[in-house]
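I opened this notebook to keep a record of what I looked up, entry by entry.

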Amino acid sequence: LKRWAPSVCHSHSQRHAMDLAASSAFTVLSPVTVATTAPQVARSHAAPATGATGAVGTAAAVAAVATVSGARKTRRARRAPVMVGCSMEEQTYYRDHLVACRAQLNGVDAPTPEETDKHMEGIQAFAKQALAGASAAMLFTSSMEAAVAYPIFAQQNYANPREYTGKIVCANCHLASKSIEVRLPQAVLPDTIFKMEVEVPAKYAKRRQPLADGSKGPMNIGAIAVMPEGWKLAPKDRLPKPLKKEMKGLAWAPYSKEYPNIVVAGPVPGETYEKMVLPVLSPDPNTNDKVIFGKGIFYFGGNRGRGQVYPEGNQSNNNQFNAAATGTISAIDGLKVSITTPSGEVKTQECLAGADIVVQVGDEVTKDEPITTNPNVGGFGQEEKECILQDMNRVYAFCAFAFSCFIAQLSFVLKKKQFEKVQLAEGF
């Protein structure tokens, strides 16, 4: 009997704790609530109890409540997940509320504490993913205006930036024309790193271009180089230190995976990178069967300032606007100019922010006559250069041929001198 008494008392305590959990008086909210609720439960059960049996039941109830509270504290400290954006009291409330609901259902069709913890971890992971996605979307939208610049439009709309006519597609949006200057070696050896200089000249310190909101800002520049197949951008680990210093941190990138021989750079500040240095690695025909020794043609394009047309076909505010019809300026409302035709029809020409309106109410205009200033201070230019991929064997052969010609000419001269001396000696 003494051996079985502890186990009987323990089972009685567990059953009494389950009855307390199922009753409406046992509601678990947080560790603080459990601590304050336990004395109330003990008093409510101790009031009707009489004799030793009531005392034992009350003690067992208090012990069971303490045991359950302690076990939940330990399990919560060990496995309770951290909810994003919630305090510790709120996290404890949600988990304990789920566990209390299971206790009220007596374990029927209710998740286990382990499943509850797993569910909380899933909620936490979803919250973190949602927060990360929102942050990435905000960062992407904030940098969208700066990213959609010179090279990205061509890369998105054209697989090859050079058309069959020889025109580089940048000229489709940058309608103004301004020259560029390109310098490169006359000949290079295989598997050699050399530099090309693309100069995009302009008075960047003085000239300002209209930005998207109509305000004035500094001009940016960009460049593109279309090289023969096999020629590519020099790897960073092979760049000499003097060449790195000349580049001033300028970053060139391949146009696409299909065309590593086409590289682009920009947009970058024009005041800093008026002369853009391009490091190039020449191919080796001994290792690449598609490359042969000889002359190669390089096509370059350089742009300064914003374009006049977007890829969708609509105009940018970096334009000069013309009259929509022939007639008289009847009204000017901000950037909207109303023109009354001789037939009485009113046509409205909307000008974008950036250009200044130069007409006044009452002025006579003809169709396509400029009614604003031209805010564009930039332009696009193309250049074509040649470079020879030289074979050292050809150089050696030419040196041998030139030396043999020199020896032959020298022999002829010496022989002639000798013949003249013979003639003089014989009296001729």
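I began with the rule for aromatic pairs: rings of Phe, Tyr and Trp (its six-membered ring) pair if their centres lie within 6.5 Å, and planes under 30 degrees apart count as stacked, over 60 as edge-to-face and the rest as tilted. By that rule I found three aromatic pairs in the structure.

I noted what I was working with: this is a predicted model, in which local features need pLDDT of at least 70 and side-chain atom pairs count only at pLDDT 80 or more, while totals for chains, interfaces and linings use all residues. Residues are numbered from 1 along each chain as its sequence is written, and side-chain values use heavy atoms, with hydrogens and water left out.

**Rings.** I looked up W231 and F298, which form an edge-to-face aromatic pair, 5.1 Å centre to centre with 85° between the planes. W231 lies in the loop between strand 6 and strand 7 (232–233) and F298 in strand 11, so this pair ties together parts that are 67 residues apart in sequence. Are W231 and F298 buried or exposed? Both are buried, a term I use for under 20% relative accessible area, with exposed being over 50% and partly exposed in between (1.4 Å probe, protein chains only). F298 also forms a stacked pair with F300, at 6.5 Å centre to centre and 15° between the planes. I recorded that F300 is buried, with a relative accessible area of 0%, and that ring pairs link F194, W231, F298 and F300 into a cluster.

**Strand 6.** I next asked which strands pair with strand 6, taking two strands as paired if DSSP finds at least two bridges between them. Strand 6 runs antiparallel to strand 9 (residues 262–269), joined by six bridges, and pairs in the antiparallel sense with strand 11, also over six bridges. I221, which lies in strand 6 (residues 220–226), has V268 as its bridge partner in strand 9, while I224 stands opposite G301 in strand 11. Strand 6 is mostly covered, with six of its seven residues buried, and I221 has a relative accessible area of 0%.

**A loop residue.** Last, I turned to S316, in the loop between strand 11 (294–304) and strand 12 (327–333). S316 counts as buried because its relative accessibility is 1%. Leaving out residues up to four places away in sequence, S316 touches R306, G307, Q308, V309, Y310, F321 and L352, where contact means heavy atoms within 4.5 Å.

Technical notes: Helix = DSSP H or I, 4+ residues; strand = E, 2+ residues; numbered from the N terminus.
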